[in-house]
Amino acid sequence: MNIIVLGLNHRTASVELRELLAIQDSRMGEALGRLMAYSGIKEAMYLGTCNRVEVYAVVEKGEWGFRQLEDFLVSTHFSLSTEDLLPHLYRYSDDEAIAHLFRVSASLDSMVVGEPQVLGQVKEAYDLALTHRSSGVILNKVVKKAISVGKSVRTNTRIGEYAVSVSYAAVELAKKVFSNLKQRVVLLVGAGEMGKLAAQHLVNQGVKEVLITNRNHHRAFMLAERFHGQAVPYEQLRSTLPKVDIVICATGAPHYVITKDDIEMAVYHRMNRPMFLIDITVPRNIDPAVKDVDNAYVFDIDDLKAHVGHNQEERLKEAETAEHMVKEEVGSMVAWVRGLEATPTIVALRKKAEEIKQGELEKVFGRLGELSSKERSAIEGLASAIVNKLLHGPVVTLKSEAQSQNGFAFIEAARRFFELREREIHSGEIPLLEDETGDGVREERLPQKDGV
Amino acid sequence: MPELLSYLTMGLYFGGTLLFLLYLWHRSDVISKISLVTTGLGFISHTSGLIMAMVSMGHVPIMTFKDAMSFFAWGLVLVFLVVAMKRGLEVLGAFILPLAFLSLVSATLAPQSADTLAPVFQTVWVHVTLSILGTIGFAVAFVAGLMYVMQERLLKSKQFNVLSFKLPPLDFLDSLNQRSILFGFPLLTLGILTGAVSAQLTIGSYLSWNSEQIWALITWFFYFAVLMGRVTAGWRAKKAAYLTIVGFAGVILTFVGILIKSPQPMSPL
């Protein structure tokens with residue numbers, strides 16, 4: 001049994017290729033069904049974000065599994081061939097696969113380290129796998145752990161505290177002026193890509209209202225729909241300014257769209273309530289002289305980049321701490337997976353029973369005092385008989401069920417019933433789940449919600 | 001024992017001051033925790049000192065300049081601890097603790113009046129307490145103004161450093177400023193009224209036009225104007241921050257005025 005991952009990301013493949021492999025949520029059921037139809041694949045999860053496409057699977061044999069996953073990815077899009085895809089793929093198995101997933105959900109593998117979206121995307125991928133019953137005992141445990149590692153990295157390091165991208169930096173800076181963005185009104189001037197992105201980030205923060213204006217009113221109208229905002233005629237830009245707290249300017253016009261006079265008037269009408277302006281375009285659309293207006297704070301693209309750059313160093317330092325945290329968690333996860341072998345579990349179970357038996361015998365001998373050797377061996381025999389008879393059932397079941405579809409569930413259950421910890425099982429240093437010959441017959445899989 | 005406690009308090013506040021100033025420039029949350037604990041210990045020792053004095057005197061010790069300053073510092077630290085716990089605004093400590101520490105120092109440096117002003121009339125006692133509480137409001141407004149000006153400068157000059165990271169957002173500071181004045185102003189008003197009543201009772205005249213009273217009235221009009229200006233003329237944000245800094249300078253001058261003019265025990269306003 002192996003845990004494997006096959007995938008490509010922003011480092012290994014172009015966005016065009018990644019797009020071809022993207023699977024819509026609505027078609028995920030069909031895709032996961034296709035995955036599970038491969039005979040060696042026991043569990044599977046598809047993780048697709050704008051920067052990566054990865055398939056995680058629990059397979060009977062690693063080598064076979066990789067080939068099956070390759071086949072799956074190639075058949076995702078009709079125009080793809082194995083030759084196109086192979087050079088861009090990376091493969092990890094077992095310890096490395098677990099470590100990779102943990103790093104992904106801790107946002108250490110992201111294009112912008114520390115960005116907050118990926119954790120949510122891992123959660124969604126997992127939910128889809130649960131819904132379509134493609135995850136089982138192992139993926140449930142591993143992915144849940146990955147999510148909790150991601151969360152704990154987020155809360156215990158400052159990795160996510162720093163601005164993630166230029167547009168995110170805009171939000172960070174806005175928060176230096178306004179503590180609560182929920183009561184703020186945003187005006188988006190123009191329809192530039194960066195402007196839309198910054199507006200999107202602000203909308204995600206839950207601003208009160210979004211106003212959109214554009215020379216082309218139809219476009220403003222379209223954008224207003226997208227942001228659930230309101231389109232304002234371009235001629236009313238000046239009269240609208242006093243109403244807005246945050247202005248994002250991204251028009252692509254070669255001249256100033258907002259002048260110092262405009263802002264002076266606006267701040268005057270606002271009775272000195274502060275304004276926050278972001279100019280994302282080059283050449284600039286907001287007169288830089290606006291910075292001399294009291295209570296108006298204007299930032300251009302260079303300022304935002306400086307803000308991001310400043311944070312980048314801090315983030316790298318935090319990333320190191322996060323890497324350590326991930327490494328520690330991977331260790332205990334690997335130990336757990338190793339323990340899912342039937343043999344070490346049985347060994348641990350016997351060892352535990354033996355320890356209990358010996359302990360109890362010593363106690364009883366201590367209390368009884370002098371005993372003849374016959375008496376002693378009678379008592380010892382009794383204890384051994386009880387232990388062996390009690391263990392007989394579980395051991396036989398473990399041995400027989402280990403090969404079945406729900407084998408891991410039985411082993412995990414045994415470990416919980418008898419309170420066998422990973423370390424006890426792991427102490428045998430057994431190589432990670434070498435080979436489990438399943439019968440290949442797929443039965444209906446139970447949704448393994450709590451890992452049992 | 002009270003002596004020892006007052007030195008202990010002063011030492012702890014000094015430690016808190018240094019630690020909070022250090023915290024301002026370092027990205028470590030550990031420092032803020034240590035500073036908070038130090039300040040908390042200082043506050044406990046301060047409170048114990050006050051309680052002991054209260055027990056021996058039978059009333060809150062505010063009748064000498066020294067006691068009044070000590071009570072003022074105590075109130076300030078209390079406000080800080082509450083805000084720090086409730087809002088997680090440890091950074092406030094870097095501004096309030098130095099103020100509290102300096103108040104205690106100035107209290108010890110002030111000429112020690114031999115005897116306390118006997119609180120013959122309850123009104124004197126009420127007058128002093130209200131005035132001190134009002135002053136605490138203005139002190140917090142001053143600190144908010146100071147932080148506002150710093151954050152404003154950092155934003156305008158586009159310096160994104162540790163300090164700008166730690167200072168709260170501008171609108172929060174502006175509203176803290178406003179709320180503190182709204183807290184301090186009515187108390188000062190009542191303080192002045194009860195002061196006038198006590199003056200009437202003790203020397204038979206509501207107003208004797210001494211420097212302390214004149215400054216108190218100027219202060220009152222000033223903060224009244226600041227409050228009115230916010231509503232009518234848009235004196236908010238940067239302007240309000242500068243005004244409250246100037247206003248508090250006036251309050252400090254009143255203190256100094258009291259100290260220089262009359263070594264006798266007096267109210268701070």
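This report describes a predicted model with chains A and B, from its overall scores down to single residues.

Residues are numbered from 1 along each chain as its sequence is written, while chains are lettered from A and ligands numbered from 1 in the order in which they are written. Because the model is predicted, local features need pLDDT of at least 70 and side-chain atom pairs count only at pLDDT 80 or more, whereas totals for chains, interfaces and linings use all residues.

**Confidence**

The model has an ipTM of 0.83 and a pTM of 0.60. In chain B the average pLDDT (the predictor's confidence in each residue, from 0 to 100) is 84, and 89% of the residues score at least 70. The pLDDT falls below 50 over residues 263–269 of chain B. This stretch still has 29 contacts in the model beyond near neighbours in sequence; two residues are in contact if their C-beta atoms, placed from the backbone, lie within 7 Å. Where pLDDT is low, the predicted coordinates should not be read in detail.

**Chain B**

Chain B holds 9 helices and 0 strands. Helices (H or I, at least four residues) and strands (E, at least two) are DSSP runs, numbered from the N terminus. Of the 269 residues in chain B, 45% are buried. A residue is buried if 20 or more other C-beta atoms lie within 10 Å of its own, exposed if 12 or fewer, and partly exposed in between, with C-beta atoms placed from the backbone. Among the contacts in chain B with a separation of 6 or more, 78% join residues 24 or more positions apart.

Helix α7 of chain B covers residues 170–203. Its 34 residues should span 50 Å at 1.5 Å a residue, and the end C-alpha atoms are 47 Å apart, which agrees. The expected span is 1.5 Å times one less than the number of residues. Just after α7(B), Gly204(B) has a positive phi of about 80 degrees.

Lys33(B) belongs to helix α2 (residues 29–57) of chain B. Lys33(B) is partly exposed, since 13 other C-beta atoms lie within 10 Å. Its C-alpha atom is separated by 9.6 Å from that of Tyr23(B), 10 residues apart along the chain.

**Chain A**

Helix α3 of chain A (residues 62–74) has 13 residues and reaches 18 Å from its first C-alpha to its last, close to the expected 18 Å. Its buried residues are Gly62(A), Gly65(A), Phe66(A), Gln68(A), Leu69(A), Phe72(A) and Leu73(A). Seen down the axis of α3(A), these buried residues fall within an arc of 165 degrees, so they line one face of the helix. The arc is that of the directions from the helix axis to the C-beta atoms.

Tyr90(A) is in strand β4 (residues 90–93) of chain A. Leaving aside neighbours within four places in sequence, Tyr90(A) is in contact with Gly7(A), Leu8(A) and Thr12(A). Tyr90(A) and Thr12(A) are 78 residues apart in sequence, but 8.2 Å apart in space, C-alpha to C-alpha.

**Nonpolar cores**

A nonpolar core is a set of buried Ala, Val, Leu, Ile, Met, Phe, Trp, Tyr and Cys residues joined through C-beta atoms within 7 Å. The largest has 116 residues, and those with the most contacts inside it are Val186(A), Ile248(A), Cys249(A), Leu277(A) and Leu76(B). Helix α5 (residues 122–156) of chain B gives the largest share of this core, 14 residues. A second, separate core has 70 residues, including Tyr46(A) and Ile346(A).

**Contact between the chains**

In chain A, 16 residues are in contact with 16 residues of chain B. On the side of chain A that touches chain B, α8 (166–177) and α13 (301–339) are the elements that give two or more residues. The residues of this side divide into 5 nonpolar, 5 polar and 6 charged. Here Ala, Val, Leu, Ile, Met, Phe, Trp, Tyr, Cys and Pro count as nonpolar, Asp, Glu, Lys and Arg as charged, and the others, Gly among them, as polar.

Most residues other than glycine have a negative phi, and most peptide bonds are trans.
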